[in-house]
Amino acid sequence: MSEASLAQIEKDTVATMAGTTWRYWLALGSAVALVGLGAWAWSVALREGLGITGLNEPVMWGALITTFVFFIGVSHSGTLVSAILFFTRSPLRAAIGRSAEAMTVFTILTAGLYPIVHIGRSWLFFFVLPYPNQRQLWMNFRSPLTWDVFAITSYVTVSMLFLYMGMLPDLALLARQVQGWRRPLYRVLSLGFSGTDGEWRIFEKAYPIFAGVVIPLAVSVHSVVSWDFAMTLMPGWHSAVFAPYFVAGAIFSGIAVAVLLLAGLRRGYHLERYITPKHFDMLAKLLLAMSLVMTFVYATEFFMAFYRGSNAEMEVFRWRATGTYAPVFWGVVLSNSVAPIALFWSRVRNNLPALITISVLVTVGMWFERFLFIVTTIARSFVSQNWGNYIPTWKESFICLGGLGWFFMLFLVFIKLFPCMAISESMQSQHAVDAAVTPEASHA
Amino acid sequence: MPEELVAVYADPDEALRAVLSLRERGVSNAQVSSPAAFPVVHEVEHTGHSRALGWVALVGGLTGLACAMALQVGTSKSMGLVVGGKPIVAWTAFGVVMFELTMLFAGASNFLALAIFSAVSRRKVARSIRDLVSSERIVVTVPLTGMEPKLRDAARVVLGGALAEVAP
Amino acid sequence: MPRLGWSARRTGLALALVAIALSVGAFEARSQSAAPPAAPPAEVPPGQPGPAGEVPFNHQVHAGQYKIPCLECHAYADKSPSAGLPSGRKCMGCHKFVGKDKPEVQILTKRFEDGTPLRWERVFAVPDFIYFSHRMHVRAKVECKECHGDVAAQKTVQQEKPFTMGQCLTCHEARNASRDCLVCHK
Amino acid sequence: MKVSRRGFLGTAVGALGTGVLAGCSEKLPRYLVPYATPPDDAVPGLARHYRTVCRECPASCGATARVRDGRAVKLEGNPDFPVGRGALCPRGQAAIEGLYAPGRIGTPRAGAREIDWAAAEKLFAAGLQRALDDKKLVVVVTRPETGQLGKLFGTWLEALGQAPTQVVTFDAMDRPWLRQGQERAFGAALTAVPDLASAKLILSIGDDFVEEGSPVERARAFADQRAAGGKSIYVGPRLSLTAAAADQWISVEPGTESLFVLGLLRQVVDRAGARAGLEAATLENLQHRLAPFDVAAVAARSRVDPKKLQDVASALLSARPSLCLGPGRAVAGADAAALAETVQVLNAVLGNVGQTLRFLPAAPTAPSMELAELTRKAGAGDVGAVVLHHADPAGYGPVYSAFAGALARVPFVATFVNELDDTARKAHLVLPDNHFLENWSDVRPRPGVVGIQQPVMEPVLGTRAAADELLAVARILGKTTGLPKETFGEALRQTFQPKEIEQGFRLEEVAAVVPRLSPSALAQLPSVVTFQGPEQGLPLVIVPTFRHLDGRQPRSALLQEIPDPLSGFSWTGWVEVNSATAAPLGLTSGDVVALEGPGGRCEVPAFVTNSVRAGMVAVPVGDATALLASKGFIGAGTRVTLRRTGARVERSKTDVGGAKGAEKLVRTVEGPAGALPPAVPLPSMYPPVEHPVHRWALSIDLDRCNGCGACTAACYVENNLAIVGADQVARGRSMSWLPVMADVDTSHGTPEVSYLPLGCQHCTAAPCESVCPTFATYHTPEGLNAQVYSRCIGTRYCENNCPYGVRRFNFYDWPRAPSERLGLNPDVTVRERGVTEKCTLCSQRIRTAEEQAKFDKRELHDGDVVSACAAACPTQAIVFGDLKDPTSAISRRAADGRAYKLLEELNTQPGVFYLARRRRGST
């Protein structure tokens, strides 16, 4: 990376926004197509009712909620990782922070759709928002779903600001570099930021504070989502381990997705110079660590079920491992606990294709892991006369895929409009590196 | 239009050296505009509200907390329905939203503070000069108005070759 | 799978969801029409003068000029949940003698002799999921006009106050009547 | 009282008007339609109640119809009427659904062509005229009509110049062998009135009296008998509802029941014959007849454990008075009469006659014609016209195919029906009769009891009363001698006092008789092998079901929707195969098998279970595919072969509580006096919830519940529950608010089945409430767990957090035919798609009662509010009431030692509590 001059950095980054290859259009096109598919499936659900899903009594939550939890999970690592790297003053942050934050924002924006899609009367979803009304009736603040509403809206707002804040210097820079319609856009968005020493002082003071706000928020949000389940009294849900378990799972899946996105960007925009094996190595280690945590959590769950000795709970876990969904369960174990072990070897960590394969496994694995614990519990709760089963329908899975398309669509549009790497930050760290190699440059 | 010296450097380190030597010669009011937070920006003496930022965030956070409490207690009492055998005002349950809003308001206020304070602080530098800044142009300005001649000369010498003409 | 009807309104709303999210306040008003039972008949939007049914019945004359008390014709309001409309026979009670020359009355007479009942346009409506008992409100000394407006002054009756939950609640609060949901929601 | 006062509008504007007055459809109608001339005492918006009689089966229980704005919306029992005593079985509950069924026809049909009534009458008259001209017979075939209508048929035939005896009573469910048995045993035609309640021990020889005969009455009496500490033994091949409710189920090899009974009788005669107070001759005759049936012989031939035989004998001898019933359909072989006689002899020897088994002189029945005779005559071409009245022999498969064939040779066949049945499809003239809720009639369920069936509303469709049509056609033919001048209804009404009509019945004094056992009893012993037919194949037993009786048409969609608690099947019949029998065939529950036998062939899903004896199969009569076979075989034992077809029928719910790791919902106590350990109140973080005025609650006595499902059906009708259809039920989307769960306990050898109606538990600390983000569900000050539909956005979070799994979700806007809308209960809204619903404890009934009490300026008394399920329950297992009222029936129950709450350890503090089932072990 040392050969990149400051100007080079700027040039390369701007390049990612300038040239639009057919590959980009293909990607965007397919993303939009997926969105269309999802939208159609949802319109059917709206016209006919949720009967088009595989849901039934007792399994009232299925693929849609799974997708919601999954995307919330993915969202987490982005902001979290970026903030943590910031506090550890890691030189790696400059290259990957931006896209990680963007990933966060867009995954939440995706996740946020699913509760609305999932409820029986989507057109009344605003009943859960706090607004003055003639009914004198607001929402129930004892309900974890209400907590969700607040947690997620706060988190998405703060994440957006975090992303935006970090982008201010770049916007200012771009506003002076680019021509055409973008120029006024960036000028307005940059809020007049122009890099005077005074602004830099304020910026460098404000940013840490913000990062400090983001981290606990990120942790809280997934804890809250976990409480959607932990606060019930259902066997297999009602458990104190859920909050940390969800946060860990969130970071786990988030990192996997981050790896995939970065690999994509690196390939697509020839950013090999900036997104280096060192980054992937770091992420791989993190992935491995999280995988170990998850494995531990799985083990804990089963142990607790056995240790607590509640009939219903033991049954849930017995069935999870041996019942209808046993193949899914063991598949999940394979992808989330076994596969990542390979990352102990640096040769695997530094072998991008291998890392990507594992990340894909983990991403898919985490979706099914959410699916498992949601479905197995309600399909197998206290009253055996009510035990049931659940298989998603095609339309249902289309809606889930639609979400994937929605996320990629937003992300692709973003990298077209905004720098996917922090320019000014890269320059700064680049300069720091140069200073380190030529000590006489910066004298006492 | 106050008279001032404007020097442009391609390399952050040169800018840094210039600023340092200016200071050696007693010229302490130099200002730097830079595309990134290079060390040089920390070397010019600085007066600003940056210290207030923390307090703003704190106050913001507390406001959020207060709003959350008011909202939850107020709305829960408005109809006063018993659910799950829990009390109408259930603080344990309200804790979550209180936390979320605290964080939200803290973050938001911090961001606003950033925007406003920077706007205030950047007034000292003319837009024409700020527009020069780019990855290869780090601008060092020394306002000359009200400066004794000795220092003016010193400044001229230091900035020497890097001096640029800025159209008023 | 059951036969299912397409509801343009709902789909419209659904597709507009994103826009809605931005203007919840505005959407809140729509919520009334979002829940089908709540929708008053499209033909008679609240606030519009109600059409007169088959016979252009004039409340101004009956209730205003001749001061006929409401309960005279809406005879069940004090003994049943539903107030009821005057039967053909009830109308004929007077119109056997009164205003026989008027064309409306002649229609009325004709229909009564055929034994086919008259059709009245609905002006006031509460949603299907709401239980409203006239007799309990009459018993609680709630004046008819408090909800139905000053009918005696209207040629053709029209809904002056909207029948919204807010209206009910404010009155229930003022009179310190129960605000338990199940009192009205069935 | 004039019928017209129940009319509310001309039928022309009827549909329009009713939509208005009910306001029950989602869309509010544009127009309001008042009466042209109001009935003198009808107040719109207030319910009226009319006493009448349920005609869904020959039992004829008393009924009370609730009528809102001119439309019957609910049918309940008549507490004063001796038959039924205030309860109604599922069929009775579903009667309302039949009244508004889309399948009903409103206009007469000539063949497939719809014609108006004038044309129909002309056609009818012509048909009869031709028969008379040709000097051919005119015959009436009717369902059992024990009242004046039955007589009218005779008079009508007489007026036509025919013999009044040309009336055939057709009842596929009739059990003639019981009458014949009595006659043989006592040498006189008698009507038996068993008094189950006061019997210390009931021995049922395959008699499913809970399902058949007079179900409501018997079920109630049986429950009372159990409650009083009485014991019961059921001898039969299958664990029927009756068997499940009994204390002991003895399953002997099909066909050897007679041996068992004879062996038993021998024991009893040997040990107590002398003290039985029989004439010497009679006793001697018995001893002589029974000589071959000593324990050893019987045991050897029937492979019954001799010990068991002796035990039952001792039990019978020690518990006096006892009561022996049967044989029922399940064990009724070729000569069921002989077996019935044996059972009666057993009763006589045990001294039950006059004690628990009272006899009345048989009701004087007008001389009539047998179906066989009609078949013969029709076949011979002597019959010119047949008038069927709610009789559908052709629909009963092979057994009656001969008659169906003969009927085809009759030149003119007219039939009175509500919906098209198989016979009607072949008839020349179909005349739509009024539904029994629209008709005048009277019934005599047994001597001394006259039920008055009065119309409770104007006909929904353009139907007319069958009797009036007969009169009309007689007038056209000018042959009216002896026939009433006015309508049949008018004539009938005049024979009763207004007071009697008000109360819905008249009682007449009938002296009971105490018959002596005839000296020549047991002249003909029951043969032992009752199953004729090819030796290969499995004995088939056809058993009646509470829901579908003999499966007669029209079958109620509602009753088909409700799954059978034990087998889990709905919308289809099934064949019960013992697991031992199923194993070699590789059958599992749900596999469709082809049943083939002399009676016919049909394909039904198999239910692999140990509630039916190995080496045989049982088909509950009833629905759809099973119908053909089952009806065909009624009463006639036969053998069938089983073959897998490869097809499958899925059931949504399959577990019956036996599953390992499942929480046990049904708790039991040992012995009549047993009690549960007292529940310890669990600690809570929160202060207890106060209920200032009332705390509505429900209690269900599992010792009384026999799983009949009347509560479920009543709930469907009262609360406008949607019928979602076979496919959706299989997907687990049934909307039932109060499904009856089965719980099979096999830990004591023979399976012990308990039934448990599981609805919303109305918890004080309800898990569903706190998780709802919109306050759509909350706890009312009166203790209800309320669901506010208009506030529900359908997150279904509540359903996930309900440990009892009782909340239902509207996956679609369930379709309803326009006529069905008329039957909706106006006090309950129709839930739209996307909304969660569940049991409301009939909050509409509470609201109405409270309003009435307030309006009348009085306190609410215990019994003012009764939930639909509690009102329906034949055995009074369900009691509804206010726990805040210490004197209320439910408060007394709450104090019972058997009271417990489901999943108590979760501390949800339910408002619904159960009384544990009593185990009495074996005799």
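Visitor: Is Arg320(A) buried or exposed?

Guide: Buried means under 20% relative accessible area, exposed means over 50%, and partly exposed lies in between (1.4 Å probe, protein chains only). Arg320(A) has 3% relative accessibility, so it counts as buried. Keep in mind that this is a predicted model: local features need pLDDT of at least 70, side-chain atom pairs count only at pLDDT 80 or more, and totals for chains, interfaces and linings use all residues. Residues are numbered from 1 along each chain as written, chains are lettered from A and ligands numbered from 1 in written order, and side-chain values use heavy atoms, without hydrogens and water.

Visitor: Which residue forms a salt bridge with Arg320(A)?

Guide: A salt bridge is a side-chain nitrogen of Lys or Arg within 4 Å of a carboxyl oxygen of Asp or Glu. Here the partner is Glu301(A), with the closest N and O atoms 3.6 Å apart. Arg320(A) lies in helix H11 (residues 311-322) and Glu301(A) in helix H10 (residues 277-308) of chain A, so the pair ties together parts 19 residues apart in sequence. Helices are DSSP runs (H or I, at least four residues), numbered from the N terminus. Glu301(A) is buried too, at 5% relative accessible area.

Visitor: How many salt bridges are there over all chains?

Guide: The count is 68. One of them joins Asp170(A) and Arg98(A), with N and O 3.1 Å apart at the closest. Asp170(A) sits in helix H6 (residues 144-177) and Arg98(A) in helix H4 (residues 93-111), both of chain A, so this pair links parts 72 residues apart in sequence. Asp170(A) is buried at 1%. Arg98(A) is buried at 3%.

Visitor: What about chain D?

Guide: Asp69(D) and Arg68(D) meet in a salt bridge at 3.7 Å, N to O. Asp69(D) is buried at 6%, and Arg68(D) is buried at 8%. Salt bridges with shared partners also join Arg66(D), Lys74(D), Glu76(D), Glu718(D) and Arg845(D) into one network.

Visitor: Which residues form the nonpolar patch on the surface?

Guide: Patch residues have over 30% relative accessible area and no salt bridge; like charges are joined within 9 Å, nonpolar side chains (Val, Leu, Ile, Met, Phe, Trp, Tyr) within 5 Å. The members here are Leu37(A), Trp40(A), Leu401(A), Leu404(A) and Phe408(A), together about 410 Å² of accessible area (Shrake-Rupley method, 1.4 Å probe; for residues, only the protein chains shown count as cover).

Visitor: Which helix gives the largest share of the patch?

Guide: H15(A), with 3 residues. Leu404(A) is found in that helix, and at 32% relative accessibility Leu404(A) counts as partly exposed.

How values were computed. Helix = DSSP H or I, 4+ residues; strand = E, 2+ residues; numbered from the N terminus.
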